[in-house]
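Have the model open as you read along.

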Amino acid sequence: MTDIREVICRPRLNRGLWFVLGLGAAGAILAAVRLAYRGNLLDPWAHGGLFVASVGFAYLYLATARVSADARGLHSRTLLRRWSLPWHEVADLHVYMQNGRHRDVRRVSVVLRDGRRRRLPLPWDGAVHHRTHFDAQLDALRAVHRRYGTPESRHVPVVSYRAAGRGLAGWLVLCALLLAGAGLTAWFVPVAESEKAAWSSAVPCTAGTAGRGDCLTTLPAVIVRTEVGRGRGSSWLYFADGTPLERLSISREGVQGFRPGDSVELILWRGEVREAIGEHHVWREHFTGAGDVAVAAAACALAAGYPGARVLLRLRGRRLPDDEVLPSAHPFTGALAGTALWLLPLCYLHPTTLLASPVAITWAAAGSLVTLGLFAGAWRATRIRTPGQAGAAEATRESSGLVFPAARFLEHTDYNPNGFGTHIVLGDGPPAVIPHPGPGRFAAKRIPVERLTVRDVRRVRGGDGDTVPRGWHIAELDDAGRPVRLAAAPANLTRIIRELGAAEGTGAR
């Protein structure tokens, strides 16, 4: 592979792709003919042809893509764009993971010396049968890069959705939108409070106030039929002779309380029917109170905290390699949930008197202290720990007898067939892989410690898979010339490595 001097990546054109391209061409011809002869821009056949043609154009873009690498550099060509990069500007080639509907899609990302990134149109791995072809083309591209350039990494960096190299734009936009929604909703709190107060203080109209919208007007009506909406559809009351109006949309539960022939009184306020009063049932329109609006605003602000936490973790790990996995944002989610327990009731009960009521001020002060403590704990829980930084308080306590730390080898080996092991048993015998957390050594497979040599201990990378917890570390071992990875929590991994070394030193069999 190191003797490769040139690589050319082209799409794999199969019958399905040719069929879609032909269908797109037929759609374009159909749309052109219908528009030429009919001249009607609203023709459904023309619209259908244009839709099929657009799908065909998307596949045509893929079919005409081409990526090549030679001594002069890296070259990319698509239907709409061409660009080339000399090797001295290319720092590395990464695998970029995109979330797909059924499985993740792998693409190649070019990292430049100035920190910018460009994604190559080819190769890409969108199906199981593409995997071998993608790996072969990626290895060839990296071999050419090693021959004519100076890659920054020796391994293949995989930038998954958990890795430090992912962008911040999406989370920043989501956080900004939620904060804007929270601010806009909070602006309506006094509006909702004033409208509800005006409705509560409204009085029946008199001869001097008739015609004003702020007083209550009573109009008689007779219901001729009712219509209960299905699902989320509207429910209606229909009135005799269409007076004072033809029909009234009310809630589904409200309609079920009325019957055809019932005489009702309709209460109008500010030009709209707010109440329907019958002999046996009364319907009143629900007015959203200031507390409900304040709760919605607070909920939006709390929801913005999650993307904000993701942005914070990305900024905190900006000095990490692109493929290293960042800590989970779940501790911040717990802090936000704890904040919601005191903030939402406070907003509901004191939407407009937060700074005027001594009870509300005391409540907010105590809750803020609790939130501060929760976020301090979340900040500590999401700190980035490099191998060797596990404190003594976190280390597994020494104990006699069997210990079952959670750990697993990531490769298929004779002592970990098909990745069956989830724990390692230590003590009272040689270390062994087991598929359960104990007790006992049932189904245990002895680890051949005499063959293993520890090469390195590192943090989790994107290429280690999504099944490895973010807070674990990886020990890279040499198993008689074959690389093997062992994943475990930092303290557990430290003890396992120590036990493996002790067993090797005593000649465990």
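A residue counts as buried under 20% relative accessible area, as exposed over 50%, and as partly exposed in between. Keep in mind that this is a predicted model.

**Cysteines**

With that scale, Cys-205 is partly exposed because its relative accessibility is 23%.

| Cysteine | Relative accessibility | Class |
|---|---|---|
| Cys-205 | 23% | partly exposed |
| Cys-215 | 7% | buried |
| Cys-300 | 24% | partly exposed |
| Cys-347 | 16% | buried |

How many disulfides are there? The count comes to one. Cys-205 and Cys-215 form it, with their sulfur atoms 1.8 Å apart. The link is right-handed, with 85° about the S-S bond. Both partners sit in the loop between α5 (189-200) and β9 (217-227), 10 residues apart.

**Cores**

The largest nonpolar core has 24 residues, and Leu-74, Leu-93 and Leu-141 are among those with the most contacts inside it. Helix α3 (131-148) is one of the elements giving two or more residues, and α3 gives the most, with five. Beyond its sequence neighbours within four places, Leu-141 touches residues including Val-7, Trp-87 and Pro-123. Apart from this core lies another, of 17 residues, among them Tyr-415 and Leu-452.

**A strand pair**

Strands β10 (residues 235-239) and β11 pair in the antiparallel sense over four bridges. Leu-237 stands opposite Leu-248 in β11. On β11, Leu-248 and Ile-250 make up the covered face, while Arg-247 and Ser-249 form the uncovered one.

Definitions and conventions. Residues are numbered from 1 along each chain as its sequence is written. This is a predicted model: local features need pLDDT of at least 70, side-chain atom pairs count only at pLDDT 80 or more; totals for chains, interfaces and linings use all residues. Side-chain values use heavy atoms; hydrogens and water are left out. A nonpolar core is a set of buried Ala, Val, Leu, Ile, Met, Phe, Trp, Tyr and Cys residues joined through side-chain atoms within 4.5 Å. Buried means under 20% relative accessible area, exposed over 50%, partly exposed in between (1.4 Å probe, protein chains only). Contact means heavy atoms within 4.5 Å. Two strands pair if DSSP finds at least two bridges between them. A disulfide is a pair of cysteine sulfur atoms within 2.5 Å.
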